[in-house]
Protein chains: 2
Amino acid sequence: MTPTIKDVAKKAGVSIATVSLVISNHSRISTPTKNKVLKTIKELNYYPSRSAKGLVTKTTRNIGFILTDDHFLRTEPFYSNIFLGTEFVTRGSDYYVLLATINTNFSKEDSLPRFLLERSVDGVIIAGKVPLLFLEKLSKCKIPKVFVDYFPPSDDHYVVLIDNIKGGLIATQHLIDYGHKEIAFIGGDITHPSISDRLIGYKQALERNSITINSNNIITDEDYPARQNGYNAAQKLLTRNSNITAIFTCNDAMAIGVMQYCVDSGIKIPDNISLIGFDDVEADLLLNPPLTTIRVPKVEMGSEAMKLMVNMLREKSVASVKKILVPVELIIRNSTKKI
Amino acid sequence: MTPTIKDVAKKAGVSIATVSLVISNHSRISTPTKNKVLKTIKELNYYPSRSAKGLVTKTTRNIGFILTDDHFLRTEPFYSNIFLGTEFVTRGSDYYVLLATINTNFSKEDSLPRFLLERSVDGVIIAGKVPLLFLEKLSKCKIPKVFVDYFPPSDDHYVVLIDNIKGGLIATQHLIDYGHKEIAFIGGDITHPSISDRLIGYKQALERNSITINSNNIITDEDYPARQNGYNAAQKLLTRNSNITAIFTCNDAMAIGVMQYCVDSGIKIPDNISLIGFDDVEADLLLNPPLTTIRVPKVEMGSEAMKLMVNMLREKSVASVKKILVPVELIIRNSTKKI
DNA sequence: GTGAAAGCGCTAACAT
DNA sequence: ATGTTAGCGCTTTCAC
């Protein structure tokens with residue numbers, strides 16, 4: 001059988017309390033006994049059991065990672081990269097992360113992820129937009145929480161966000177710098193804070209350059225920012241306003257949809273239409289032409305969220321910084337062109 | 001505070017043993033008491049603590065998922081999809097999975113993932129090729145193991161594999177069917193069982209069609225199947241044998257590298273060279289031209305591995321099936337052409 | 001500086 | 001059919 005603290009105590013000729021104190025590196029243990037105990041721990045190849053430790057300390061060294069089904073199923077590795085980011089940090093900090101998905105249409109009857117109910121996590125990271133009903137239920141859990149890429153409407157929270165306004169601004173400014181004036185915006189779900197912020201950035205850029213905002217050039221009525229919606233939106237935009245020379249889509253998936261529409265209808269990118277996306281997913285480089293976009297540091301977002309979490313847990317006090325804005329970056333490729 | 005089994009027992013007017021038996025749905029509890037207990041559990045919103053349960057049952061309801069650093073860091077979502085596959089199954093079976101990476105150059109001094117040492121997992125799934133030194137250390141752990149996409153040299157194991165020989169066979173046969181005779185093979189690390197199996201399939205296809213195997217057309221000396229290696233291999237192949245009309249690369253990343261080389265050197269795909277990959281990653285559709293490839297059911301592999309695991313754990317007996325071969329499928333796109 | 005002992009929240013004999 | 005009780009492997013007062 002795997003050795004327990006008792007075996008170590010017996011073999012080292014000390015009490016189990018002493019062994020425990022040695023493990024937690026307590027100061028009031030003399031160096032000789034400490035070394036003796038450490039030696040037998042090595043000999044026995046002893047490691048404390050997490051379950052036993054957890055029972056008494058009420059900690060698990062696990063962090064929960066929660067996102068909705070449809071985000072989980074997205075083919076673009078956006079949330080998976082955020083997840084990977086959390087993993088990078090855990091390796092240095094002795095935590096593990098448990099992934100759980102919740103129903104996109106979370107209802108009153110749905111229960112919280114099991115790890116919350118069974119108390120097998122010390123904190124949770126919530127990635128992406130989640131249903132309000134879920135947030136309500138979650139708020140009853142007194143457990144440290146960090147939100148990533150989504151800002152819950154109520155209260156103040158620990159949160160890691162993309163600098164979306166700036167992203168929208170520099171994307172649009174880039175198009176303006178290239179001489180475009182009739183610039184369309186394709187949004188997706190405008191009730192999503194990220195999307196509405198990017199729209200704010202878009203409008204700010206136009207205003208700063210004294211370009212009138214034309215609501216006909218703004219499409220925000222597709223509720224999910226997927227490829228097909230980009231296709232549909234492009235069709236709608238380009239048929240109703242033939243003066244458009246540039247399009248800013250709120251993510252790369254929709255930009256790919258726009259590209260497909262353009263291929264299908266003989267519109268050349270970037271010769272007829274300049275196109276800029278948002279996210280910078282791996283596929284962008286393989287597109288024809290490679291997509292100009294706004295890079296979002298996905299892995300870094302996960303890392304920052306996890307660092308916030310670990311700090312909260314370690315200090316057991318309120319961390320000073322509650323909101324982290326990760327910076328975005330303009331990546332110019334070949335889908336935009338000066339006119 | 002969160003209620004414990006004691007609170008439930010007191011409120012329901014029964015012993016904690018009764019509550020425990022009700023929770024595990026034991027038969028020897030009368031329906032009336034059962035209902036009474038169930039009712040107070042609801043009222044108190046009680047959920048048993050995993051740590052406490054784990055301490056006595058020596059189970060955690062967690063499964064470890066282990067892969068090497070470099071597989072973890074791969075941009076192609078190959079192993080992440082396998083990981084997602086395990087998640088799909090856990091949702092139905094009340095398990096969580098803990099992800100851990102190990103050093104690609106695992107040395108004698110490196111220790112096993114913490115979750116193994118602290119016994120916070122009931123089993124482990126090992127994905128992809130892992131170092132022998134790691135396997136040696138791991139073999140000392142008496143814990144259920146399932147391997148995915150890699151076949152450890154020694155012993156018999158529970159393993160989920162791609163049908164690589166068949167994949168190599170149908171890929172090559174497809175090229176032969178399209179009239180190609182001078183078909184090159186780009187491998188990567190030939191010591192990897194998957195790669196050597198694909199080479200076996202390649203050779204089988206040639207033999208069946210009475211095409212002489214030309215070792216000059218086979219490149220297996222690049223040790224990692226990445227994009228750049230595909231580029232280098234294509235350069236080497238096409239400069240030393242200008243008769244080659246088709247290339248079979250052992251994964252899509254290398255195929256993309258081949259494509260880049262061809263673009264750089266003015267070779268048209270599929271007009272001058274037909275190209276077939278292996279894996280069917282998301283990016284394939286975005287390539288120009290879209291890549292013909294062998295589809296590997298990545299998510300399904302993860303699911304199958306997890307199902308195997310759960311079955312082993314549930315039955316506590318040796319599962320009958322020890323080896324699962326997941327099928328592959330030829331996906332014809334535009335990078336191959338009849339001659 | 002070290003040990004004894006209580007107890008964390010459960011499960012599983014063993015009684016009744 | 002239900003209750004009593006002894007642990008599971010640790011941490012943590014509190015004595016000494």
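**Domains, partners and DNA**

Tutor: Let's begin with chain A, where the domain assignment gives domain 1 (5-57), domain 2 (62-162 + 299-327) and domain 3 (164-296). Keep in mind that this is a predicted model.

Student: What separates the centres of domain 1 and domain 3 of chain A?
Tutor: Taken over C-alpha atoms, those two centres are 61 Å apart.

Student: OK, on to the two chains. How many residues of chain A are in contact with chain B?
Tutor: There are 31 residues of chain A in contact, and they meet 31 residues of chain B.

Student: Which elements give two or more residues to that side of chain A?
Tutor: In chain A these are H4, helix H6 (78-93), strand E2 (96-102) and helix H7 (114-117). H4(A) has the largest share, with five residues.

Student: And by class, how do the residues on that side of chain A divide?
Tutor: You'll find 13 nonpolar, ten polar and eight charged residues there.

Student: What rotation superposes chain A on chain B?
Tutor: A rotation of 180° does it, with 0.0 Å of shift along the axis and an RMSD of 0.1 Å. The two copies are therefore related as by a two-fold rotation axis.

Student: Which residue of chain A comes closest to the rotation axis?
Tutor: That's A:Ser51, with its C-alpha at 2.4 Å.

Student: Why do you say the copies meet through the same surface?
Tutor: Because 100% of the interface residues of chain A are also interface residues in chain B.

Student: Which helices supply at least two residues each near DNA strand D?
Tutor: Both chains take part: helix H2 (16-23) and helix H4 (50-57) of chain A, plus helix H2 (16-23) and helix H4 (50-57) of chain B. By class, the surface near DNA strand D has 15 nonpolar, nine polar and two charged residues.

Student: And which residues come nearest to DNA strand C?
Tutor: Of the 25 residues around DNA strand C, the nearest are A:Ser15, A:Ala17, B:Ile5, B:Ala17 and B:Ser20.

Student: What gives the most to the surface near DNA strand C?
Tutor: H4(B) does, with five residues. H2 and H4 of chain A and H2 and H4 of chain B each supply at least two residues there.

Student: How do the residues near DNA strand C divide by class?
Tutor: They come out as 14 nonpolar, nine polar and two charged.

Terms used: Residues numbered from 1 in each chain as written. Chains lettered and ligands numbered in written order. Predicted model: local features only at pLDDT ≥ 70, side-chain atom pairs only at ≥ 80, totals over all residues. Helix = DSSP H or I, 4+ residues; strand = E, 2+ residues; numbered from the N terminus. Nonpolar A, V, L, I, M, F, W, Y, C, P; charged D, E, K, R; others polar. Near = placed C-beta within 6 Å. Domains from an automatic or database assignment. Contact = placed C-beta atoms within 7 Å. Least-squares fit on C-alpha atoms with pLDDT ≥ 70 in both.
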